[in-house]
Amino acid sequence: MTDAAGRRAHGEIGPPAVESSFEDLYEHAPCGHLSTASDGTILRVNSTFLEWTGYSVDQLVGSSFADLLTPGGRIFAETRYLPVLRLEGSVKEVALPVRRADGTTLPTLVNSVVVEAADGGPGLIRSAIFDATSRQDYELDLLNARRRAETSEERVRVLQRASAAFLASASEAAFAEALAGSMQEAFAATAAAVYLADESGRLELVAGAHPIGVADDVEPDDGPGAEALRSGRVLVWSRSGIRDGMPTAAQAMKEARFETLTATPLPSAGTASGVVLSAFGRERTFDAEAIALHEAIARQASEALARIRLQSRLERMALYDQLTGLANRQLLKTRLGEVLAAARRESGPTALVVLDLDGFKAVNDRMGHMAGDAVLREIADRLRSTIRPGDVAGRFGGDEFMIICENTTAASAEAVADRLRGAINLPLTGVLDDFSISASIGVAVHDGAGSAPAAADLFAAADAAMFRSKHAGKDVTTVVVL
Amino acid sequence: MASSGEVDVLHRNNVKISGKPDGRPIVFAHGFGCSQEMWRLVAPAFERDHLVVLFDHVGAGGSDLRAYDRSRYDSLHGYADDVLEILDALDLHDTVYVGHSVSAMVGVLAATSRPQRFGALVLVGPSPRYIDEPGYRGGFSQADIDGLLDALDANYLGWSSELAPAIMGNPDVPELGDELTASFCSVDPAIARHFARVTFTSDNREDLRAVVSPTLILQCSDDIIAPRAVGEFVHREIPGSRLVQLAATGHCPNLSSPDEVVAAITDFLR
């Protein structure tokens, strides 16, 4: 036992001093005290609160507690603090920003309790108010730091997800869906649409719907997408901003319930070019960071689109003849194998037409290879427009062509062959004036009875038939049935 | 985005139905900051004559927070679509829609997009635009709205404790029963922040003229969020609307003066 405690235990000195006046305790408590009527009118306030805020008691009593708060704080008080207080009877540690007499803000934490009147009439609200300046600064610093970190994390996450979605896209359509989805996710857009430019530069809709209801699937020249593509910048349209200059577009936005549109061009890399439109149901503004995120997504998208287009070009090059656009030897072989396999299953007839131009060597020799190439392209066009839907036309050598006719009898195949000869015989006006050309044609048909032949055998038979036509004086069709 | 057909709307919006099954439907929509609890002192008065429908906006009260889709709820249209989906799910016609605060405008958007479902609109403390514009006084500046977001942030940590089951049983207020626990006026802080931004930056002034449903505007006294001049603007813009000035002060007459609100609505529907 210490000396002092010992003495106290023996009653040698009095107890520690206690508050002699509750009035004094109320007035100078280490927190603000405030009593209001149930409608918020201040009835009583202690000296501590007056000291902290710089008001006089006359300024406060009779005025509304809400009037002491900053405008943002008042909204919070009306929508949150008061409803909870009324429903629950008390609230604890609500942060309310109080405006001091000198105009500065005092961050406070408020505990309030409703005291019912004894007669059941409207009661009082008692509040204890704590100066939260240091705590709040600290917490807001923490919160802001966390929010900054979250924003930058969110940005990275949006870009990573977009990148993964682009990578998983094998076609332009899948890519466009991924891009529209990325924009919606990144900016909480209500809708998004993706337009990609075709070879002629027209913007065609690939994903989503045009946000302002343009009827066809081509972005008009005066649309936001076309304008963004011309300027190369992210374009932000607000309905109120374009109302005077573009009343029709503004009306269309109104009908579609959109207040803001953004158009983000995909930076042109090679042939990759397009634009993504995002639409928002309320007026939105985008700061420099948000615009930069639009651009970053567009850059990633552009790279992905270039890759997808290159892949599809490579696929085309591997399967189609570059000069004429017809199926090449590789694709013909595959298709013929498939057609014969189907014929084997269904016991149907198959015809193979082999076609060799007569006198083409002379064209090449006398007029040059450029002219020869023009003739080959012309002949390819005529083949394409003469064959039936379902027939596959290809070029398998210099001036040698082939048509695979699925489910086709000898009579039908001969008719196709004769139509082809007729088409080839037409004058080459505009391509090679004063020249004409013909074709020797061999047709091999398997009628479906018995097992279908191997592809090589059918081809050998058609090729032999073609040579017979050549020897018979050219511009002739020879049909053999296997 | 899932269409309404794939979503259990009644679960998503924590829809609660009471009252007279074949009575004229009356739907109560709460505003920013709280939940359907806002109507607990008003809604019971209509149970004798009406089919009473209460619900929580997604992000508030007992709603399904997983249904919160930032794209959908980036404008009040998303909330209006929810209201229409609730009316569709319950197949309500000739509905009396009572919307407090921001839900007044949600009701305007829903009723102008599908007027055939609505029989009457009651707008409690409506404001079509909170931010001042040239020629229009909403009462707030953009800086004030940013201040609200700061106030929300300052309460961020406090809110998480409010989300924990509240200790109830205030002996002085026996009608606040045991069912008011975890969902009591609760809101998800992150969603509340987005909802605040959507609410206080929206501009629905042009939508008022398109209202064709009979409309009652309940204007509070000394309401800083929806001042009298704003209520009068709404009254002027909605053709044929009726404006009733309440003695109730503040922004929440449904809590501070429920009897007056009930009387005004009952009188309007008579």
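**Rings and their partners**

In this predicted model, ring pairs link B:Phe32, B:Tyr68, B:Tyr73, B:Tyr79, B:Tyr130, B:Phe195 and B:Phe200 into a cluster. Residues are numbered from 1 along each chain as its sequence is written, chains are lettered from A in the order in which they are written, and side-chain values use heavy atoms, without hydrogens and water. Local features need pLDDT of at least 70, side-chain atom pairs count only at pLDDT 80 or more, and totals for chains, interfaces and linings use all residues.

Q: How many aromatic pairs does the structure hold over all chains?
A: There are 14. Rings of Phe, Tyr and Trp (its six-membered ring) pair if their centres lie within 6.5 Å; planes under 30 degrees apart count as stacked, over 60 as edge-to-face and the rest as tilted.

Q: What makes B:Tyr97 and B:Phe118 an edge-to-face pair?
A: Here the centres lie 6.2 Å apart, within 6.5 Å, and the angle of 65° is over 60, so this pair is edge-to-face.

Q: How do you know whether B:Phe118 is buried or exposed?
A: Its relative accessible area is 8%, under 20%, so B:Phe118 is buried.

Terms used
Buried means under 20% relative accessible area, exposed over 50%, partly exposed in between (1.4 Å probe, protein chains only).
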